[in-house]
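Open the model in your viewer and keep the sequence panel beside it. This tour goes stop by stop: what to select, and what you will find there.

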Amino acid sequence: MIDPETYDVAVIGAGIAGASVAAELSATAKVVLLEMEERPGYHTTGRSAAVFAPSYGPQPIRALTRASADFFLRPPEGFAEHPLVGPRGVLFVARQDQLPQLEAAYADLSAEADLGRLDPAGAIARQPLLRPGYVAGGIDDQACLDIDVHALHQGYLRLFASLGGRLVTRAEVQHLSRAAGQWTLTCRNGTVRASVIVNAAGAWAEHVGQMAGAETIGLVPKRRTALIVGAPDGMTLDQCPLVVDIDEEFYLKPDAGRILISPANEDPDRPSDVQPDEMDIAICIDRIERAFDFEVRRIENRWAGLRSFVADKAPVVGHSRRVEGFFWLAGQGGYGVQTAPALARLAAAAVLERPAPAHILAAGLTPEDIGVGRLHAQAN
């Protein structure tokens, strides 16, 4: 049961977004972190194959990723036992009919990142599994890094605990009410009170907003399926890059001697313990076997996760314009892990009504581009 204490901030959701902002807030505030499952990160965070890719995503995401680089490369002492990131690289590839998209992406991204433009032979040299005759060109970004998602998430949870924060699991929020400047959060296992709610509930964030009487943000959870398959006999691929279709129709990533593949699907779904769809699996194998010169003989593991987006695919970060003391931290989509350090610091500053950190603004972020107000402007 939850002790009926009063907190400065109640964070709903203990995935990477909730854990990181709770840790940042706990340096100066009394914070409770509420997780509806038995363990934090059960849903999207625990199913993420995230990479640190400064060239991936819309402009606000790229800015937040750049602003997170120092944390990933030089985390606080004691944050993790091992490095949070390791070398990977990403190769965006295109068929002949996709070359206009490839050229547009190169023109957009090369102003921000040191990218290589590859011909078919160059692309195949970077990833020998690519099928000759399929790939017509590529973009090589060697700044992409693998992220140890578990180490990052657990590091934030340890930091949160060390600063006096309280994590409560199996604490699904069932009702919200506000009176005299305080929220009452009625959970499955008790009640807490807090001055401010931070809504980091992932796929359930819109539902939490509705319980609070906040504005609708148009959040849509989208299912993505992933598979682990065996690598071709005799081939060592661990040094090869992540390969992403320029239209995000698939991706392939070496994974500890095996291969992680996905159709990169974004199928609207409901908030749930989502499972892989058999059609997604069939589509994935077909796309991979057309692009790469190997046969998927056995699926070693399969899963699905929800990536939740609003219309412009940028996060929603800021105080509700309708309900006092309610803060949105939602819509990170597939970018929540790679942007977590900067997004948590930015959100914590905003919750506490402090200026945005200078290093995040210097990375090129315009806070209004991820603010709640932009959604009303877009709707009109």
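**Stop 1: the α1/α5 crossing**

Select α1 and α5 together. Their crossing is left-handed. This is a predicted model, so every stop here describes a prediction. Helix α1 covers residues 16-25 and helix α5 covers residues 149-162. The two axes come within 8 Å and cross at roughly 35°.

Now show the side chains at the contact. From α1, pick I16, A19, S20, A22, A23 and E24. They meet L152, H153, Y156, L157, L159 and F160 of α5. Colour this contact by class, and you get nine nonpolar, two polar and one charged residues.

**Stop 2: along α5**

Which residues of α5 are buried? Select V149, A151, L152, H153, G155, Y156, L157 and F160. Next, bring back the surroundings. The cover over these buried residues includes α1, β2, α2, β8 (145-147), β9 (166-168) and α8. Then step past the end of the helix to G164, which follows α5 and has a positive phi, near 95°.

**Stop 3: V149**

Go back to V149, in helix α5. Its relative accessible area is 9%, under the 20% cut-off, so V149 counts as buried. What does V149 touch beyond its neighbours within four places in sequence? Select T45, S48, A50 and V337 to see these contacts. Then draw a distance from V149 to V85. The two are 64 residues apart along the chain, and their C-alpha atoms are separated by 9.1 Å.

**Stop 4**

Select residues 59-73, helix α2. The helix has 15 residues. Its reach is 22 Å from first C-alpha to last, close to the 21 Å expected at 1.5 Å a residue. Where is the kink in α2 centred? Click on A67: the kink there is about 35°.

A67 is also one of the buried residues of α2. Keep L64 displayed for the next stop.

**Stop 5**

Move to residues 340-351, helix α8. It has 12 residues and reaches 16 Å from first C-alpha to last, close to the 16 Å expected at 1.5 Å a residue. Is α8 largely enclosed or open? It is largely enclosed by the rest of the structure, because 10 of its 12 residues are buried. Select them: A340, P341, A342, L343, A344, L346, A347, A348, A349 and V351.

Zoom in on L343, which lies in α8. It counts as buried, at 4% relative accessibility. Setting aside residues up to four places away in sequence, L343 touches L64, P315, V317, L329, Q332 and I370.

For contrast, draw a line from L343 to P276. They are 67 residues apart in sequence and 29 Å apart in space, C-alpha to C-alpha. Before you leave, click E353, which follows α8 and has a positive phi, near 60°.

**Stop 6: E38**

Select E38, in the loop between β2 (31-34) and β3 (51-52). Is E38 buried or exposed? It is exposed, with a relative accessible area of 63%. Leaving aside neighbours within four places in sequence, E38 is in contact with T169 and R170. E38 and A171 are 133 residues apart in sequence, yet 8.7 Å apart in space, C-alpha to C-alpha.

**Stop 7: two alanines with positive phi**

Finish with two loops. A256 lies between β15 (251-255) and β16 (258-262). A264 lies between β16 and β17 (267-268). Phi of A256 is positive, near 50°. Phi of A264 is positive too, near 55°. Neither residue is glycine.

Now show the surface. A264 is buried, with a relative accessible area of 7%.

How values were computed: Residues are numbered from 1 along each chain as its sequence is written. This is a predicted model: local features need pLDDT of at least 70, side-chain atom pairs count only at pLDDT 80 or more; totals for chains, interfaces and linings use all residues. Side-chain values use heavy atoms; hydrogens and water are left out. Helices (H or I, at least four residues) and strands (E, at least two) are DSSP runs, numbered from the N terminus. The expected span of a helix is 1.5 Å times one less than its number of residues. The bend at a residue is the angle between axes fitted to the seven residues ending there and the seven starting there. Buried means under 20% relative accessible area, exposed over 50%, partly exposed in between (1.4 Å probe, protein chains only). Axes are lines fitted to C-alpha atoms, for helices over the stretch in contact, and angles run from 0 to 180 degrees between N-to-C directions. A crossing is left-handed if the near helix is turned anticlockwise from the far one by less than a right angle, and right-handed if clockwise. Contact means heavy atoms within 4.5 Å. Ala, Val, Leu, Ile, Met, Phe, Trp, Tyr, Cys and Pro count as nonpolar, Asp, Glu, Lys and Arg as charged, and the others, Gly among them, as polar.
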